[in-house]
Amino acid sequence: MDNIKILLLHMKGFKYLFLISFIVTTLRVFINFITPQVIRFTVDSIISEEIIKSSLVINLTNYFGGRNYIRENIWICALAIIILAIITCICDYIGRTSNAKASEKLMKSIRNSLYEHIQKLPYSWHIKNQTGDTIQRSTSDVEMVRNFMSSQLMELFRTIMLIVISLILMFSMNYLLSLIVLIFVPIIIIYSSIFYGILSKQFLVADEAEGQLFNAAQENLTGVRVVRAFGREKYEIEKFNKRNKEFSDLWVKLGYKLGIYWGVGDLVTGLQIMAVIYVGVIQASKGIITLGEFLAFVSYNAMLTWPVRSFGRILGELSKTKVSLNRICEILKEPEEKDEINNETPDLSQDIEFKNVNFKYDNNTPILKDISFTIKYKTTFAILGGTGSGKTTLMHLLNRLYDLSEGEGTITIGNVNIKNIKRNYLRKNIGMVLQEPFLFSKTIKDNIKIAKPEASIEEIRNVSDVAQVTKSIENFEKGYDTIVGERGVTLSGGQKQRVAIARMILQNTPIMVFDDSLSAVDSETDAKIRNELKKRKNKSTTILISHRITTLMESDMILVLDKGEIADIGTHEDLIKKDGIYKNIYDVQMNLSI
Amino acid sequence: MEEEIKEIKSFDIKVWLKLRKFFKQYLSQLIGIVAFMLISAFIDVALPLFQSYAVDNFIVNNSTEGLNKFAILYFLVISLQVITVYIFVRLAITVEMRLGYDLRQSIFMHLQSLSLSYYNTTPVGYIMSRVLSDTNKIGSMIAWGLVDVIWSIAYVIGVFIAMMILNYKLALLIIVSIPLMVIITMFFQKRMLIESRNLRKINSKMTGDFNEGITGARTSKTLVIEHLNLKEFKKSTNDLEFTSIKLARLNAVFIPIIVFFGSATTAIVLARGGYLAMNDLMKLGTLSAFISYAIGIFEPIQQLARIFSEVISLQANIERVTEILEKEPLIKDSEQVLEKYGDNINPKKENWEEIKGDIEFRNVTFKYPDGDEEILNNFNLFIPAGTNVAIVGETGAGKSTLVNLACRFYEPTEGQVFIDGKDYRERSQLWLHSNIGYVLQNPHLFSGTIKENIRYGNLNASDAEIEKAAKIVSVDEIIKKLEFGYDSQVGEGGDKLSTGEKQLISIARAILANPKIFVLDEATSSIDTQTETHLQEGINYLLKGRTSFIIAHRLSTIKKADLILAVRNGKVVEQGTHLQLINKKGYYYNLYTKQYEEEKTFEVLK
């Protein structure tokens with residue numbers, strides 16, 4: 001029910017479109033029934049000489065000049081049919097377009113809020129959930145719901161209206177014949193939904209077989225070197241064929257069942273039509289119904305056949321849609337990253353202080369143990385540590401991708417606890433370059449100015465110069481307009497890092513973090529970038545994470561992190577005097593002994 | 001998946017004939033489909049006649065005489081129809097799936113013979129969509145398209161004949177409207193096809209947007225650009241909405257027009273037929289049958305028009321499939337070689353010579369088929385059997401070129417490669433490949449059990465031999481600790497195992513192959529010390545007495561090598577032993593010191 005509420009919420013502002021299509025659908029169904037009545041009237045009372053019973057029809061006939069006049073001018077009946085057809089067509093057009101508009105608007109709203117919501121979900125959610133699954137929910141599941149809303153919903157409504165109206169009309173003409181029709185309706189619906197249930201299970205099995213076939217081909221193609229190097233072509237062909245055969249056989253089997261389903265469906269429908277004709281003939285011969293009524297009955301019955309048969313399928317789709325909707329709403333119900341009541345936006349050109357920080361992720365292994373240190377404003381602070389030492393976690397905590405638990409220490413900037421600072425404000429003021437930076441599939445220019453769209457080309461060139469990436473960019477055929485990731489253009493790890501650095505410099509933040517982001521750049525370029533940064537007027541607090549001593553040694557303070565604990569802290573001069581991790585690495589990197 | 005723009009072309013029989021040999025096998029089934037569809041259409045035409053008979057003979061005459069006979073006949077016709085439906089569905093699904101099966105099998109077999117250069121330049125997704133979706137589409141269109149076409153044509157013709165018999169003047173009145181209807185359907189069909197292609201394109205862009213939004217979430221958060229991303233995403237969803245509604249509108253115009261045609265025809269029949277009936281020129285039953293026909297004929301005509309445009313668009317799928325089937329492999333064994341040594345599928349192993357493992361590059365010049373730079377120029381190198389060659393260089397320097405040539409994944413543009421003193425082109429590819437063991441940096445495992453994966457190295461190996469190979473790399477203990485031991489599933493691409501475990505298993509696989517030539521692309525990823533030791537033991541075992549190429553990253557491997565080749569920008573710039581090259585103080589010296597620095601740093605930080 002919750003999910004339906006979410007759905008209704010997204011319909012805000014255009015619910016009336018759904019209403020319109022419901023109304024015109026009803027109107028259309030209604031006219032669909034009047035047309036056979038007109039035919040009936042024409043055949044019975046105009047062409048034959050049946051007496052008109054209904055006073056409404058008598059009045060109508062008189063309005064058009066009486067029966068004899070119409071007999072001489074039978075085109076009036078034809079015209080009536082055409083007019084009804086025109087109304088049907090208009091209804092159909094309005095129904096289809098308003099339904100399409102309504103469902104497309106609805107899906108757009110759902111897609112947009114899914115996207116927005118996913119962006120705003122906490123980083124920890126992104127780590128836990130697999131990209132493929134999320135994408136599937138955002139695309140195939142949304143598509144499933146869309147299909148239902150744009151076609152099956154109206155179909156369902158139409159079918160119900162059709163059954164209801166036709167039964168009313170039929171009963172008004174003849175009870176016995178109506179009962180025959182009435183008995184067949186539930187039989188056909190139950191039969192088709194049961195069969196549809198069986199078939200959809202088999203569809204699932206066949207889909208799985210297709211998945212395996214897909215895998216067999218995919219693994220062969222991606223592992224083509226291994227296949228060739230071991231000379232296993234024959235083996236692979238046999239493996240693929242086995243899957244291929246399984247898949248094809250399953251479908252053939254499914255097809256046989258489908259044949260039975262259709263055949264039996266045709267049989268039941270045929271029997272129903274036969275029963276109506278048989279009983280109708282007897283009734284007509286006894287004079288209980290007129291010829292026109294008989295014809296109208298036959299055509300009502302024919303109109304019911306297909307919608308009733310597809311009813312079972314629609315019910316099956318409905319249950320699938322419910323599953324999909326649920327999968328979508330599961331994402332939408334996840335809580336977003338939210339700011340607490342305190343939304344401070346203090347000046348962040350201040351000292352940063354980590355005080356007794358403890359942290360662990362969900363799996364409960366402590367990542368950081370009692371970490372305390374201060375980063376003075378406008379200084380360069382360096383962190384050295386191995387894989388898993390917790391250095392990246394420190395930075396995740398600093399820009400609040402994760403928050404510290406209560407009583408596990410504090411992080412303050414200028415004495416304000418960062419928990420009280422507005423998240424977006426905090427992040428906007430901390431520039432960060434990651435080791436494997438993510439570039440968007442846009443032009444290089446757009447990537448650099450992504451956080452500052454109004455930047456001029458001079459500014460972009462300027463920051464590219466600082467990041468030492470101008471030459472590389474200009475070497476691309478399209479220069480700054482090269483689209484990242486487009487076929488044939490691949491940026492090396494070092495180029496990506498430098499573009500990301502340019503992107504960060506353009507942000508012009510009071511705090512800059514380089515999380516191992518010079519690793520793929522050679523030492524010379526690394527030094528040039530650091531020199532350029534030093535020359536800049538509005539200098540920021542800089543945090544450098546690296547393995548390279550030359551990168552770290554000129555920093556004002558160096559923190560050595562070992563398995564979540566502070567192993568040492570001090571300036572380069574301090575640290576090389578002690579016999580610790582830093583000194584060891586320094587020796588290795590400076591006094592090469594081969 | 002990749003989606004190129006398919007132009008709407010006119011019908012070209014040549015394209016279809018390319019699949020002649022595939023169609024031929026199902027000729028009898030296809031004829032069966034035609035026959036049963038004719039029966040089915042005939043019955044569908046006949047059914048309204050029953051109704052008209054009932055009106056004229058029972059109702060108008062006010063008699064029920066012969067009603068039971070009538071009912072029995074009606075029932076028999078329905079039963080015949082049911083049987084017909086059942087049989088044609090069986091035939092059609094059989095043709096659909098078997099034809100698809102044959103096509104997939106042929107493409108897959110052909111793919112196994114295409115050269116690696118093809119795979120290097122063609123994305124996997126591109127090939128996959130041809131192997132799976134195009135073949136499916138061809139199978140289903142051939143089978144069900146035929147069903148629909150035959151039924152529609154037969155039904156339309158049948159109805160005409162029936163109408164002509166009943167009253168030819170009234171029939172001609174209906175016929176006149178048909179060409180107009182076909183033109184309208186074709187007109188809309190073409191536009192709808194274009195819009196649905198646009199829709200697919202926008203949809204795949206949106207999937208891409210979602211992908212980027214999710215994988216780039218951390219970056220977006222740190223840059224605080226969520227709102228900008230959303231703004232761009234909304235462009236896609238707006239496009240999607242616009243195009244979807246456009247398509248729906250086309251439909252909303254098209255379908256009512258068709259419906260209107262049906263009604264208009266009914267009106268004409270009613271007016272004209274009513275006049276005739278009143279003047280006793282036509283029976284009432286005939287009129288009712290005519291009305292049924294007039295309503296029923298438009299659906300099949302519309303269907304025909306729809307199928308024709310689908311058939312034409314199927315041509316593009318056929319072209320995509322035949323393009324792969326017609327692709328010539330770059331590396332082919334000559335006729336004489338095939339005769340003596342057999343092909344990949346049916347090797348003649350009795351004629352295979354024992355391999356020793358001498359490899360010689362003689363005056364080899366090479367450039368990649370898709371590149372224009374000569375990577376090797378008149379390159380000469382003799383590698384005696386049992387030599388351990390280390391290839392070093394920066395990422396992307398082209399270290400695998402020599403391996404590709406030695407393994408005959410590529411052939412030299414000029415010059416020759418000799419194995420045991422004989423040009424390798426004088427022997428079959430499979431002969432060489434059966435004597436190679438290959439371990440990749442990112443080991444590729446196939447989904448299946450661990451046992452199956454190790455056995456890949458030697459399909460005839462016994463379980464005991466598999467365990468022995470696993471013991472050599474000490475992966476035996478790890479495997480036995482798993483719930484199902486050697487029968488544990490490795491998952492898709494081996495993702496249920498750690499990288500280290502995958503590496504150990506891929507080495508066991510190579511050990512089992514007992515190759516004379518061994519290629520190793522050494523991993524750089526840091527794995528735990530114990531796995532590292534096991535890995536080294538396994539590799540050392542493999543190195544003994546075999547000619548080997550190692551794309552080396554570890555100092556220990558490099559230093560031990562009998563011969564080091566330093567590669568830069570694809571070219572061998574220095575070659576010699578470790579000591580020779582160190583003393584030279586050239587490119588190798590720089591590479592080595594850098595590597596040394598890195599390795600030691602990580603050692604300290606561990």
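## Domains of chain A

The C-alpha centres of domain 1 and domain 2 of chain A are 58 Å apart in this predicted model. Domain 1 covers 2–332 and domain 2 covers 352–593 of chain A; such bounds come from an automatic or database domain assignment.

Residues are numbered from 1 along each chain as its sequence is written, and chains are lettered from A and ligands numbered from 1 in the order in which they are written. As the model is predicted, local features need pLDDT of at least 70 and side-chain atom pairs count only at pLDDT 80 or more, while totals for chains, interfaces and linings use all residues.

## Confidence

The pLDDT (the predictor's confidence in each residue, from 0 to 100) averages 87 in chain A, where 98% of the residues score at least 70. Within chain A, helix α3 (residues 55–63) has the lowest confidence, with a mean of 81, and strand β4 (residues 410–413) the highest, at 94. Helices (H or I, at least four residues) and strands (E, at least two) are DSSP runs, numbered from the N terminus.

Chain B averages a pLDDT of 86, and 97% of its residues score at least 70. Residues 1–7 of chain B stay under 50, and the model has 11 contacts beyond four places in sequence for them. For the complex, the predictor gives an ipTM of 0.83 and a pTM of 0.80.

## Contact between the chains

Two residues are in contact if their C-beta atoms, placed from the backbone, lie within 7 Å. By this criterion, 116 residues of chain B are in contact with 109 residues of chain A. Helix α9 (residues 226–278) of chain B supplies the largest share of the chain B side, 30 residues. That side has 67 nonpolar, 35 polar and 14 charged residues. In this classification Ala, Val, Leu, Ile, Met, Phe, Trp, Tyr, Cys and Pro count as nonpolar, Asp, Glu, Lys and Arg as charged, and the others, Gly among them, as polar.

## A helix pair in chain A

Helix α7 (residues 131–173) and helix α8 (residues 175–222) of chain A pack with their axes 8 Å apart and at an angle of about 155°. Axes are lines fitted to C-alpha atoms, for helices over the stretch in contact, and angles run from 0 to 180 degrees between N-to-C directions. α7(A) and α8(A) are therefore roughly antiparallel to each other; angles under 35 degrees count as roughly parallel, over 145 as roughly antiparallel, 65 to 115 as roughly perpendicular and the rest as oblique.

On α7(A) the contact is made by Ile163(A), Leu167(A), Met170(A) and Phe171(A). On α8(A) the residues are Tyr175(A), Leu177(A), Ser178(A), Val181(A), Leu182(A) and Val185(A). Nine residues of this contact are nonpolar, one is polar and none is charged.

## The sheet of chain A

Chain A has an open sheet of six strands in the order β6-β7-β8-β3-β9-β10, with mixed pairing. Two strands pair if DSSP finds at least two bridges between them. β6 (430–433) and β10 (565–570) of chain A are the edge strands, each pairing on one side only. From one strand to the next the twist averages 15°.

β6(A) and strand β7 (residues 511–515) of chain A run parallel and are joined by four bridges; Met512(A) in β7(A) is the bridge partner of Gly431(A). Helix α17 (residues 493–507) of chain A packs on the sheet and touches β6 and β7 of chain A, its direction making about 175° with that of β6(A). β9(A) and β10(A) pair in the antiparallel sense over five bridges, with Asp568(A) in β10(A) as the bridge partner of Val560(A). β9(A) and β10(A) form a hairpin with two residues between them, and Lys563(A) in the turn has a positive phi of about 45°. Helix α21 (residues 581–590) of chain A lies across β3 (380–385), β9 (557–562) and β10 of chain A, at about 105° to β9(A).

## The sheet of chain B

In chain B, six strands form an open sheet with the order β6-β7-β8-β3-β9-β10 and mixed pairing. β6 (436–439) and β10 (571–576) of chain B each have a single partner strand, so one side of each is left without a neighbour in the sheet. Neighbouring strands are turned by 15° against each other on average, direction ignored.

Strand β9 (residues 563–568) of chain B pairs with β10(B) in the antiparallel sense over five bridges, and Ile564(B) stands opposite Gly576(B) in β10(B). Helix α18 (residues 499–513) of chain B lies across β6 and β7 (517–521) of chain B, running at about 175° to β6(B). Helix α22 (residues 587–605) of chain B packs on the sheet and touches β3 (388–392), β9 and β10 of chain B, with its direction at about 95° to that of β9(B).
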